[in-house]
Amino acid sequence: MGYEPDVEKPSAIFARDFEWSLLDRFMGPYPGLHLSVMYGRRRQGKSFVLSHLSEAFQGLYHMALPDDDRLLALERFRTTLGEWAGWPASRIESTVYRDWEPALEECLAELRTRALATGRPQLLVLDEYPFLLAGAPMLSGVVQKLYDRSAFREHQDETAPAVRLILCGSTFSVMYDLLSGNRPLFGRSSYNIRMFPFDYRLTAKYWRVSDPEAAFHLYAFVGGTPGYRRGVAGRQPLSSPADVERWVMDEVVTPDGTLYDEPSYVLREDPRMVDRSLYQTVLQHIAQGHTTPTKIGARMERPATALEHPLRVLLESRIIAKEEDVLYQRKISYHLSDPLLRFHHLVVQPRVHDAELGNAEAVWTAARDTVQSKILGPAFVEVCRRWTRVYGLERLGLDGGGEVGETTISCPECRKSHQIDVIMLGPGEQARSKSPAVSVLGEAKYTAEPRGSADLHRLEHLRAVITAKRVPAEDAKLVIFARNGFTADLEAEARRRGDVVLVTLADLY
């Protein structure tokens, strides 16, 4: 065909360069029908990106709606198809589909005709695909049948029209399950594209927040989900932590705020979460620091084994994530993946009566200590780990790095355990293997006072303890992360040595 797509990403799409490059490659001129899947949590920008892709290729973009039964969903699809194809109104009204197979067959025929006429790949996007499945559970089998029939007919046929089908959805478990080994579409997707939230640096750029402390507080409170920014429209720029605090009180803590009800929607995404009060309770305990099945079970007066199913569902839905020690095989702990959920369960939910009365100031005042210790502190550690792995290698004088996380070291000398906030293994090292080489040991505390020599002495001691346990760490960089800088003696020590790196909040950004 000779057509080279290489479609430039629209300027309206912020970041998402990698995702767009995969979609652009998928839209290449190779012949035949090909399928890809895009998925991710709500408000990540999936629909926004796919609608722009459809516009760039004059494709057919169809978004399903919740609670539509099979016939109503087919009627809406018929209208989308007819309007895109330019059918007269009489044909649209007279066309009736009773099943998805004839509807998709007619759509694919239209796409093939256009592909042959234009020499360009043609695109069909079925967005919110889980809504279609809810009304037609056999739909994936229909897609499989049409795909396999096309593959059989068009195999090695260089003249076959280029047609692309993208299935997209926000119900994480449903979309992930589409491609599992016992499902109809297993092995048929060219690209499985997951849309992640922005990291802390991209979040600051997307929200146009230039002050590092304000940017960090924003990320700690609501994270990197791009759809959460809609509540900032028409406001003054978020140029200080006080501005962020005010915005959070208006949009997250106040009942008519744009994000007040967001946490309740998260659990509705997964049809397996029928007993929502159970899942909300589990999330509440994890947010409060009860992060192992045993501790959660003790708080709920249930055996840990009774929590295996809800924890698995929450993990598969990416609402919680596992935290594992980088060096040693220990019990797995859990944390909330979305900072907004953590904020809701730690700040809003315990004082929901005040929040419902519109008394956001009282909610915020009562939660200040919690915000400092259970929100800002853990978020600072998370940001420091991200910097270490992604942004800080040149500053650290390293060519590469391995897994980054935490570890707990037992010290025979002081007869207690010490937690190390940031540890990075060397390139290619396997976490929790026998004696993996360590590249970085870091201390990350979000405190008002500058960090001093005591922090360095602690890291030196822990490096010696780790090395004594026959873990190669003698060359590990010692990194101290600080909110408000360092004491003069620590800065002088760092200038004298090549193994000590001091990183401020401004450096992180």
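Leaving aside neighbours within four places in sequence, with which residues is F343 in contact? The close-up views of this predicted model begin with that residue.

**View 1. Surroundings of F343.** Beyond its sequence neighbours within four places, F343 is in contact with F221, V248, V252, V253, V348, W364 and I375. F343 is also listed, together with W207, F221, V222, W247, F481 and L508, among the residues with the most contacts inside the largest nonpolar core, a set of 79 residues. Helix α19 (residues 368-391) supplies the largest share of this core, nine residues. Another core, of 40 residues, lies apart from it and includes L108, V142, L167 and L178.

View 2. Five strands, paired in parallel, form an open sheet in the order β2-β3-β4-β1-β5. Its edge strands, β2 (60-63) and β5 (189-194), each pair on one side only. From one strand to the next, the twist averages 15°. Four bridges join β1 to β5, and R194 in β5 is the bridge partner of Y39. Helix α1 (residues 17-26) lies across β1, β4 and β5 and runs at about 165° to β5. Helix α5 lies across β1, β2, β3 (122-127) and β4, at about 150° to β3.

**View 3. Helix α7 and its buried face.** The 16 residues of α7 (residues 139-154) reach 22 Å from the first C-alpha to the last. Its buried residues are L139, S140, V142, V143, L146, Y147, S150 and E154. Seen down the axis of α7, these residues fall within an arc of 155°, and therefore line one face of the helix. Their cover includes β1 (32-39), α5 (100-118), α6 (129-135), β4 (162-169) and α8 (172-178).

Methods. Residues are numbered from 1 along each chain as its sequence is written. This is a predicted model: local features need pLDDT of at least 70, side-chain atom pairs count only at pLDDT 80 or more; totals for chains, interfaces and linings use all residues. Side-chain values use heavy atoms; hydrogens and water are left out. Helices (H or I, at least four residues) and strands (E, at least two) are DSSP runs, numbered from the N terminus. The expected span of a helix is 1.5 Å times one less than its number of residues. Buried means under 20% relative accessible area, exposed over 50%, partly exposed in between (1.4 Å probe, protein chains only). The arc is that of the directions from the helix axis to the C-beta atoms. Contact means heavy atoms within 4.5 Å. A nonpolar core is a set of buried Ala, Val, Leu, Ile, Met, Phe, Trp, Tyr and Cys residues joined through side-chain atoms within 4.5 Å. Two strands pair if DSSP finds at least two bridges between them. Axes are lines fitted to C-alpha atoms, for helices over the stretch in contact, and angles run from 0 to 180 degrees between N-to-C directions.
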